[in-house]
Structures are given as C-alpha cells and as structure tokens.
There are 2 protein chains.
Amino acid sequence: MEALRDRPHTDRQRPDRTGAATLPSDGRAHNLSLVRQTLHSAGAMSRADLSRTLGLTRVTVSDLVSDLLERGHVVELGHSDEVRPGKPAILVDINRRGLQVIGMDLAENSVLRAAVLDLDGNILERVERSLSEETGPNVVHQVLELASEAVGRATATLLGIGVGTPGIVNADGVVTTAPNFEWKDVALRDLLQERAGLPTLVSNDADAAAHADHTFGGGSDDMVLVKIGRGVGSGLIVGGRRARGAHSAAGEIGHVTVGTDGGSLCKCGKTGCLETWMSVPSLERALAEAAASSKPDAAADVVLREAGERLAIALAPVVGALDLGEVVLSGPRELLEGPLLNAVQQTLLERLLHQDPSPVSVRLAADAQDIVLRGAAVMVLWNQLGVA
Amino acid sequence: MEALRDRPHTDRQRPDRTGAATLPSDGRAHNLSLVRQTLHSAGAMSRADLSRTLGLTRVTVSDLVSDLLERGHVVELGHSDEVRPGKPAILVDINRRGLQVIGMDLAENSVLRAAVLDLDGNILERVERSLSEETGPNVVHQVLELASEAVGRATATLLGIGVGTPGIVNADGVVTTAPNFEWKDVALRDLLQERAGLPTLVSNDADAAAHADHTFGGGSDDMVLVKIGRGVGSGLIVGGRRARGAHSAAGEIGHVTVGTDGGSLCKCGKTGCLETWMSVPSLERALAEAAASSKPDAAADVVLREAGERLAIALAPVVGALDLGEVVLSGPRELLEGPLLNAVQQTLLERLLHQDPSPVSVRLAADAQDIVLRGAAVMVLWNQLGVA
DNA sequence: TCTAATTGTTAGTAGAGTTTACTAACTGAC
DNA sequence: GTCAGTTAGTAAACTCTACTAACAATTAGA
C-alpha cells in the first residue's frame with residue numbers, strides 16, 4: 001500500500017486542452033482586455049470610471065488595473081483635476097508612450113516598407129528596402145532583414161509585428177500563394193517570429209487595410225474595403241469580424257467576371273475580370289489612350305466612369321447580400337476621387353433596392369499611403385491587447 | 001453612526017451590467033453548453049469521454065453533468081456494454097425524448113405552418129392554418145393562435161419557439177417590414193413570448209433555412225443558402241456565424257440587378273432584378289410560355305438554364321468575395337434539379353478563378369418542404385442549449 | 001465645522017475548476 | 001481463484017476570480 005505513494009500515478013489528465021472549454025482564467029484575460037480596450041478608445045479615466053463602464057466592482061477593477069500596471073500595459077497619470085466632492089480620482093491610461101508595434105507593408109510596387117507605430121496608429125519611424133525583380137527566398141530574406149531593422153528603431157517595448165502581404169494567407173500566417181513574389185506556402189509568420197522573437201501576425205494587404213479603416217475610419221461593422229493597386233483586392237468585415245473564407249481567400253475579387261458583355265482578356269485566361277477594368281496599370285493604360293484621343297478630358301472621364309461602374313456591378317450583389325453599410329476605396333487618390341467614386345456610388349444605388357436614407361455610403365479611405373502599415377499594427381493591438 | 005446602517009448606503013454598484021464583462025458564472029454557462037453540444041452532436045458518452053473531449057477534468061465534468069441532470073437537460077442511459085478493462089462507464093446523453101421545440105414557418109404560400117420537433121430536428125406533430133388574403137393584425141392573431149395550438153401538442157418539456165418569417169427581422173425579433181403580410185415593425189418575438197410564456201426567436205425564413213442546412217446538411221462554415229419561393233431570399237453563414245448586416249437585411253438578394261443587359265420590369269420598379277428570373281411565379285410563367293411553343297422541352301430547358309445562369313451571375317461576386325465553400329439551393333425540386341442547378345454550377349465556375357479541386361460545391365437542400373421549420377427549431381436549440 | 005460624496009483599499013466570502021487521493025469495478029494472466 | 005493493471009467516478013483541499021462589507025482618505029458645500 002505504501003508503494004502507491006511513491007509512484008506518480010496521478011491520472012494523467014488534460015493532454016491537450018483542445019476542447020476550448022472556458023476556465024476562470026480565460027474570463028480574467030477577457031476582462032483585462034476589456035480594461036485595455038476601454039482605456040484605448042475612451043482615453044484616460046479613473047478606476048471608478050472603469051468600474052461604472054464595465055459593470056465590474058471597483059475592487060475587481062482595482063485588481064485588474066494593478067495587474068496591468070505590473071505588466072506595463074497601463075500607467076497612472078496622477079490626480080484628475082475635476083472639481084467634485086470626494087476623494088480625487090487617479091487617472092489611469094493605456095501606456096501610450098511605453099508600447100510600440102512594428103507594421104510591415106509588402107504590397108507596394110517594388111519596395112518593402114516597415115514602420116514603428118505607437119498604440120494610436122501614428123507612424124514614428126519608417127524603414128524601406130527597394131526590390132528589383134527579386135523573387136522567392138530572396139524576398140523572404142529581405143523581409144526578415146527589414147523586420148530586424150525596424151525592430152532596432154523602436155524606442156519602447158514592442159508588442160509584436162504585423163504584416164500585410166500580397167497573396168493568400170491562411171490562419172496560421174502561411175502565405176499559400178503570392179504570384180508577385182513567386183511564393184508558395186511560405187511560413188512567413190513563423191519565420192518572422194523566430195527571427196525577431198516577437199509575436200507576429202500576417203494577413204493579406206487588403207485585409208490589413210480593412211482592419212485599419214474599421215478601427216480608425218468610419219467603423220461600420222459591416223463593410224468592404226477595396227484596395228486598388230497593381231491588382232484589385234478587398235477586405236471584408238462582416239458583423240464586426242473579418243471574413244476569412246472557406247479557403248482563406250475571402251476578398252479575392254480581382255478575377256471575378258463582371259457583367260454579361262465580354263471585356264478584355266485577362267492574364268488569368270478569362271475575359272471580363274474586374275482587374276482588367278480596375279487595376280492601376282489597366283486604368284493608366286486606358287487613360288494614356290484617352291489622352292491621345294481628340295477629346296482627352298471627356299475620354300478620360302469615360303474611362304474612369306466605366307471603371308467605377310464595373311466595380312459597382314461586381315460589388316452590388318455583395319453589398320446587397322451582406323447588407324453592408326460602407327464601401328471604402330483605397331488607392332491613388334488622383335485616380336479614384338471624382339468621376340470614378342461618383343460612378344461607384346451611383347451605379348451601386350441603381351442596382352440595389354432604393355431606400356431612403358441610402359443604406360450604403362461610399363467613400364475613399366483616409367491615408368491610403370500608410371493604410372496597410374496601420375492595419376498591420378492594428379492586428380497586433382487586437383491580438384496582444386485585445387484593443388479595438 | 002447608527003443611522004447609516006438603516007440606509008442601504010452600499011455603494012450602489014452594477015446598475016446595468018452593460019459592460020459585457022465576463023464573470024466566472026458566464027464561463028460555467030459556456031461549459032454547460034459545451035457539454036450539451038458535445039452530447040447532441042457526438043451522441044451518448046461517458047463522463048470520462050466528455051472530460052477527454054472537452055479538456056476539463058473528470059471532476060469538473062461530473063459536476064457539470066450532475067447540474068444538467070437536475071435541470072433535465074441530460075439523462076443517464078445505464079452502463080456502456082463496451083468490453084474493456086476498468087470500471088464500466090455510465091453513458092450520459094442529452095435528453096432527446098424529454099425535450100421538445102416548436103418551429104414555425106410563416107413563409108409558405110397562403111398557409112401558416114407550425115410543428116413540434118425533437119432535439120434532432122425530427123418533426124413529431126404538425127399544425128397548420130390556411131390564410132385567405134388576410135393581412136396585418138389578422139395574420140398576427142392567426143400566428144399567435146397557431147403557436148398556442150402547437151404548444152398544446154407537445155408531449156415533453158418545451159425549450160422554446162422558433163419562427164421563420166418572410167420580411168426583414170431585426171436582432172430583437174421585430175419584423176421591420178414584411179410586404180406580404182403588410183407588416184411594419186411588428187414585435188413578433190415579444191408577442192409570442194408573452195402569449196406562450198416560452199423563450200422565442202424570430203428570423204427571416206431564408207436565414208432559418210440556412211441555419212437548418214448548416215446544422216443538418218453539409219455544414220460548411222462559409223456558405224449561402226438561396227431560398228426560391230414566391231420571391232428569392234438567402235441566408236449567409238460567414239465564418240460559422242449568420243451574417244445579419246448593417247440594417248438586419250443581409251440575404252435580401254431578390255432585388256439586386258443581375259447582369260448588364262436589361263431584363264424584365266420588376267414590381268419594385270427596376271429592371272433585371274433577380275426575382276424576375278428566379279422566383280417560382282416567374283419561372284412558372286416562363287415555363288408555361290415555353291410549353292406553348294413549338295419545341296416545348298427545349299424551350300423549358302432554356303428557361304431553366306437561363307434562370308440558373310442569372311442566379312450564378314449574381315452569386316459569383318458574393319461567392320468570390322466571401323470565398324464561400326458551398327452554395328445551397330432550396331425550393332421546388334422539380335424546378336431546381338437538373339438544368340437549373342447544372343447551369344448555376346457551370347456559370348459559377350466560369351466566373352470564378354478556376355481552381356482544382358473546385359473551391360465551391362453547389363447542391364440542393366435536403367427536405368426543402370420542412371427546412372424552415374427545422375431551422376427555426378435549430379435557432380431555439382442554439383439559444384437555449386448552446387447546441388450546434 | 002460638520003455633512004455628504006467619492007475614490008480606492010483591505011478583509012472576508014462564494015463559486016468554478018484543479019490537483020490529489022481515494023473507492024468501485026472490470027479484464028486478463030497466472 | 002487470485003492478483004496486477006486499468007478505467008470510471010467521487011470527495012476533500014487548494015487556487016483563482018469576482019463579490020460584499022467596511023473603512024480611510026479627501027474634497028465640496030451648507
């Protein structure tokens with residue numbers, strides 16, 4: 001009988017924890033995120049304010065806050081100068097100066113970009129690396145080098161690295177296919193994570209842009225962001241969450257056939273793909289032709305209007321089926337603003353059930369230049385802090 | 001000092017609980033749901049099996065199960081007859097015979113239908129009420145009467161009532177608009193809840209159908225179900241959750257313009273709406289014309305093929321943008337099966353980026369007759385038991 | 001100066017899940 | 001038949017989380 005005590009014959013439970021059951025500590029983690037979220041979006045406030053906002057007791061909030069103080073996620077800012085009876089409140093805020101994030105944008109033409117950002121999405125430092133026809137592992141090498149360089153520029157604790165890349169990215173941060181770079185199943189997230197020793201998140205560039213606009217822009221919980229560059233991609237937010245799709249390919253609308261009346265031949269082999277109308281190279285080619293015509297201005301207008309119409313034709317079923325509240329375009333302002341945007345708006349309304357007020361608003365994304373960098377940063381904030 | 005004790009001067013915390021913070025009891029509720037879900041989908045098993053599946057300890061699972069036994073949600077089925085060393089297991093299963101649900105389908109033509117269902121979605125009892133041109137409050141009255149009748153037919157504890165209704169339904173179970181019944185802001189959920197004294201859930205009929213197919217059918221987490229009846233509606237599952245939309249109108253695709261080549265005039269005032277091609281009345285009208293032509297069979301084939309093509313044209317951008325894995329059609333089998341379904345499949349592939357294997361499968365929903373009833377029941381199961 | 005109001009903390013408690021250690025009950029080998 | 005090994009289920013004690021109760025600190029206003 002005594003021998004039993006010597007063996008570690010405990011029944012070897014919980015080998016994996018795959019069941020996704022909720023432990024008390026999961027609830028705690030959620031509540032910690034709520035505190036960070038509240039401070040991030042509403043700004044500095046006292047523990048008592050947090051208590052009222054979250055519906056937790058002051059005691060619990062105090063405990064959560066002291067936990068976050070220890071981790072460096074929040075800081076005390078001294079007494080509030082509000083004039084009120086009672087003990088003066090101590091303001092608490094998320095540690096805006098002491099935490100930073102790396103964002104990377106691999107979707108630009110012939111340049112890889114990275115930046116150090118603060119928690120509000122402001123860009124503090126930029127680093128770049130120009131690409132000249134490199135492909136495959138060479139680009140991966142450049143990305144890793146660039147990431148290291150960006151990490152070196154940080155002036156505060158780094159929460160992690162976010163990346164927006166062209167191509168299809170699965171939930172594990174593996175770039176399944178990226179034709180531009182000739183990538184196939186590149187485990188970008190794991191490579192970066194190992195190199196930099198920081199939590200890393202990788203998404204498609206348009207998805208990152210959608211995150212950015214959802215957070216810093218209008219913020220409808222049902223929206224699509226269409227990113228017009230070398231190709232055409234999009235990121236969808238459905239019910240406040242990013243749509244990923246059955247094969248991680250949600251948002252890939254560049255090669256959807258538009259309309260029922262033919263169109264140009266696409267490099268993918270079909271005719272009438274959205275990209276043949278909407279991509280920046282396609283638009284610039286058409287505009288060049290227009291400039292050579294007898295009425296250059298009018299011809300250019302027609303080109304832009306038609307592109308906008310085509311986009312709206314492709315988007316209308318999506319907007320209608322998902323009841324999206326916002327359509328956001330991101331790309332070169334000089335191409336998108338004006339005739340093109342107006343055509344999108346008008347055609348969209350023509351093709352949807354008329355309503356008053358209009359169920360969907362169409363606009364350009366602010367700050368198209370840096371939207372992927374900021375979106376990549378947002379992904380890290382969400383993941384590491386649970387901050388919206 | 002003593003006076004203080006008389007007043008309830010405790011600091012009046014938690015007035016609302018709107019903050020959505022997570023309490024330990026929320027975690028408990030979640031784990032109870034997980035047990036029910038697991039038993040419902042995987043069938044009877046022992047506490048030890050549950051422990052391994054969920055990743056909770058046997059002790060905790062025992063506690064959860066005894067709680068559910070008390071509530072009548074699960075039952076013990078006696079010893080397992082598996083031949084294994086060790087103490088024989090006691091099988092536990094969700095209380096399939098002791099719990100029932102009411103499902104209602106208000107979207108049929110000129111008849112209101114209700115049924116008593118068991119937890120597996122089997123229909124045990126049916127009740128109906130025919131409608132003859134009634135509208136507005138009269139229909140509401142009929143619905144309430146029918147619900148009471150159905151409740152009376154139940155032979156076990158009722159978990160609640162689920163309703164699939166035509167029209168747009170918001171998150172509070174208010175039917176914002178339902179043209180067929182001339183309803184406007186009818187608080188159907190609250191009315192039923194009060195009348196029957198049971199938890200009630202109301203959704204659009206196509207959304208209910210999507211729930212049914214998602215649960216009992218193929219079960220892709222990214223799918224669309226298109227319901228073809230008097231009109232055309234759809235229900236979307238994106239990332240495993242139902243898309244609701246910015247104005248609770250997700251899935252309303254009947255009046256999206258299809259293609260770029262005109263079409264018939266729709267009663268909504270536009271031309272080329274999907275409904276003018278796809279609804280059952282439209283199809284039957286076109287088939288009648290075809291029957292009168294010189295080559296009736298060939299003409300009918302053309303009608304069905306063209307309808308399928310139009311649906312695919314509208315769906316292609318949605319399937320592409322959301323990367324849906326399944327497209328499911330629900331409606332009269334004699335119309336949808338064959339040429340129409342084939343045309344949908346073919347056109348969809350033509351208009352999407354070619355891939356191997358095909359990224360999207362197209363099929364008919366099983367049991368179109370009762371799909372709304374079953375979907376309505378599923379909604380209750382989800383809500384009351386947390387069962388998938 | 002006294003009262004009321006407000007913030008934040010300490011002390012103690014209830015609930016949820018865990019670890020540890022047990023009993024019950026069975027298979028299979030000797 | 002007996003015993004080792006295995007599996008199921010339970011009881012007790014511990015940890016973690018959030019709660020209630022009570023209090024000290026601090027200020028505005030009568």
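This is a predicted model: local features need pLDDT of at least 70, side-chain atom pairs count only at pLDDT 80 or more; totals for chains, interfaces and linings use all residues.
## Chain A overall

Chain A holds 13 helices and 16 strands. Its C-alpha trace spans about 95 × 60 × 40 Å along the principal axes. Of its 388 residues, 47% are buried.

Take the contacts in chain A between residues at least 6 apart in sequence: 62% of them join residues at least 24 apart.

## Helices α2 and α4

Helix α2 of chain A covers residues 24–42, and helix α4 of chain A covers residues 58–71. Their axes come within 10 Å and cross at roughly 80°. An angle of 65 to 115 degrees counts as roughly perpendicular, so α2(A) and α4(A) are roughly perpendicular to each other.

From α2(A), the residues in this contact are A:Asn31, A:Leu32, A:Val35 and A:Arg36. They meet A:Leu64, A:Val65, A:Asp67 and A:Leu68 of α4(A). By class, the contact has five nonpolar, one polar and two charged residues.

## A buried residue: A:Val224

A:Val224 sits in strand β12 of chain A, which runs over residues 223–228. Is A:Val224 buried or exposed? The cut-off for a buried residue is 20 or more other C-beta atoms within 10 Å. A:Val224 has 28, so it is buried.

Setting aside residues up to four places away in sequence, A:Val224 touches A:Ser234, A:Leu236, A:Val318, A:Leu324 and A:Val327. A:His214 lies 10 residues from A:Val224 along the chain, and their C-alpha atoms are separated by 9.4 Å.

## How chains A and B pair

A rotation of 180° superposes chain A on chain B, with 0.0 Å of shift along the axis and an RMSD of 0.2 Å. This is the relation of a two-fold axis. The copies meet through the same surface, because 100% of the interface residues of chain A are also interface residues in chain B.

In this interface, 60 residues of chain A are in contact with 60 residues of chain B. On the chain A side, α2, α3, β13 (232–238) and α10 (296–322) each supply at least two residues. The largest share, nine residues, comes from α10(A). By class, this side of chain A has 27 nonpolar, 22 polar and 11 charged residues.

## The surface near DNA strand D

There are 31 residues around DNA strand D. Those that come nearest are A:Thr60, A:Lys87, B:Ser62, B:Gly86 and B:Lys87. Two or more residues each come from α2 and α4 of chain A, and from α3 (47–54) and α4 (58–71) of chain B.

Which element gives the most to this surface? It is α2(A), with five residues. By class, the surface near DNA strand D has 13 nonpolar, 11 polar and seven charged residues.

## The surface near DNA strand C

DNA strand C has 35 residues around it. A:Ser62, A:Gly86, A:Lys87, B:Thr60 and B:Lys87 come nearest. Here α3 (47–54) and α4 of chain A each give two or more residues, as do α2 (24–42) and α4 of chain B.

The element that gives the most to the surface near DNA strand C is α2(B), with five residues. The residues of this surface divide into 14 nonpolar, 11 polar and 10 charged.

How values were computed. Residues are numbered from 1 along each chain as its sequence is written. Chains are lettered from A and ligands numbered from 1 in the order in which they are written. Helices (H or I, at least four residues) and strands (E, at least two) are DSSP runs, numbered from the N terminus. A residue is buried if 20 or more other C-beta atoms lie within 10 Å of its own, exposed if 12 or fewer, and partly exposed in between; C-beta atoms are placed from the backbone. Two residues are in contact if their C-beta atoms, placed from the backbone, lie within 7 Å. Axes are lines fitted to C-alpha atoms, for helices over the stretch in contact, and angles run from 0 to 180 degrees between N-to-C directions. Angles under 35 degrees count as roughly parallel, over 145 as roughly antiparallel, 65 to 115 as roughly perpendicular and the rest as oblique. Ala, Val, Leu, Ile, Met, Phe, Trp, Tyr, Cys and Pro count as nonpolar, Asp, Glu, Lys and Arg as charged, and the others, Gly among them, as polar. Copies are superposed by least squares on the C-alpha atoms of residues with pLDDT of at least 70 in both. A residue is near a molecule or strand if its C-beta atom, placed from the backbone, lies within 6 Å of it.
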